[in-house]
Amino acid sequence: MPLAGKVALVTGAGQGIGRGIALRLAQDGADIAIVDINVERMEKVAGEVKALGRKVTTYRADVGNRDDVQAAVDHTAATLGRFDVMVNNAGIALVGPIADVSPEDVSRILHINLQGVLWGIQVAAEKFKTLGCKGKIINASSIAGHDGFAMLGVYSATKFAVRGLTQAAAKEYASHGITVNAYCPGIVGTDMWVEIDRRFSDLTGVPLGATYKKYADGIALGRPETPEDVAALVSFLARGDSDYITGQSIITDGGLVYR
C-alpha cells in the first residue's frame, strides 16, 4: 500500500469528493482525519474508513476560521501520531449572474473557498516543519479555476485564486521539502452539482438536469466524472511518486478543458 504509515487530513470529507478522497487514501494505507462541519456525515464516513481497517478520527471545524484549522491539525497529529498529508477539499458553489452578487455572497464563498485553503496551507506547513516532515499539501481548485464560467463568476474567481496560492506556496515551502499542488475536477455527480443544476434551472428556466447534461455531453471520454476519479489523482499527489511535482494545478475532467 503506497500510503502505509501515513496520516492524511481531508477537509469537507463528510460527502462527495471529500468522502471519495478519504476512502481512497484509506484504501491506499493512510490513516485518516475527517474534518467537516456536519458531524453526522463525518461519523458515517469514519465508519467506512474503519471498515477498511484504517485508524480514523473526526474533528468538526469551520475551515474559514484559522483557529479551527489549527485545532484540527493539532488534533490529527496528537490522535493519530503523525501528520503527512493535508487535503484542502472543502468548498461551496455560488451560481448567478455577476450583477446579482451580494457582499454577503462574496464574504461567504471567500471564507470557505479561499480562506479555507489559505489557512490549511499555512497551518499544515508549520506543522510539517515542526515535525520535521516533508509533507504534502493538496488543494481543491476546479476547471473553473482555468476557465471562467458564466453564472459561476465568483466561484471561478475563488478557484483561480487557489491556483495562485498553490503556485506561491509551492515556491515558499520547497526548501522545506513540502510540495503543494491542486486538483481541478470537472463535472462530478455530487450534491454540489445537483445544486448548481437546480440554480441554473431557477435562473434560466431550463429543465432540471439540462445544465448537467449540457456540460457532461461535452466530455471527451463520454461520461461524467466520479469522486473516485478525483480521488485517484489526489492519491497520486499524496504519495512518493509525486515528490518531484509541485506548484501544479492538474485538470482531471475527462477531456473538457484543455491546458
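Strands S1 (residues 7-11) and S2 (31-36) pair up in the parallel sense, over five bridges. Here, strands and helices are DSSP runs numbered from the N terminus, with at least two residues (E) for a strand and at least four (H or I) for a helix; two strands pair if DSSP finds at least two bridges between them. This is a predicted model, where local features need pLDDT of at least 70 and side-chain atom pairs count only at pLDDT 80 or more, while totals for chains, interfaces and linings use all residues. Residues are numbered from 1 along each chain as its sequence is written, and side-chain values use heavy atoms, with hydrogens and water left out.

Let's stay with S1. It also runs parallel to strand S4 (residues 85-88), joined by three bridges. Leu9 is a handy residue to look for: its bridge partner in S2 is Ala33, and in S4 it is Met86. Together, S1, H1 and S2 form a right-handed β-α-β unit, meaning that with the strands pointing away from you, the path from the first strand over the helix to the second runs clockwise.

How much of S1 is buried? Five of its five residues are (buried is under 20% relative accessible area, with a 1.4 Å probe and protein chains only), so the strand is largely enclosed by the rest of the structure. In a regular strand the side chains alternate between the two faces of the sheet. In S1 both faces are covered, with Val7, Leu9 and Thr11 buried on one side and Ala8 and Val10 on the other.

Now for the pockets. On a 1 Å grid over the protein atoms alone, a pocket is an open set of points where a 1.4 Å probe fits, with protein on both sides within 12 Å along at least five of seven lines; lining residues have an atom within 4 Å of a point. Volume is the space filled by probe spheres set on the points, which are joined across faces, edges and corners.

| Pocket | Volume | Top contributor to the lining |
|---|---|---|
| Largest | about 1000 Å³ | H6, six residues |

Of the 43 residues lining the largest pocket, Ala90, Gly91, Ile92, Ala93 and Met192 are the closest to its centre. Its lining divides into 24 nonpolar, eleven polar and eight charged residues. Nonpolar covers Ala, Val, Leu, Ile, Met, Phe, Trp, Tyr, Cys and Pro; charged covers Asp, Glu, Lys and Arg; the others, Gly among them, are polar.

Definitions and conventions
Buried means under 20% relative accessible area, exposed over 50%, partly exposed in between (1.4 Å probe, protein chains only).
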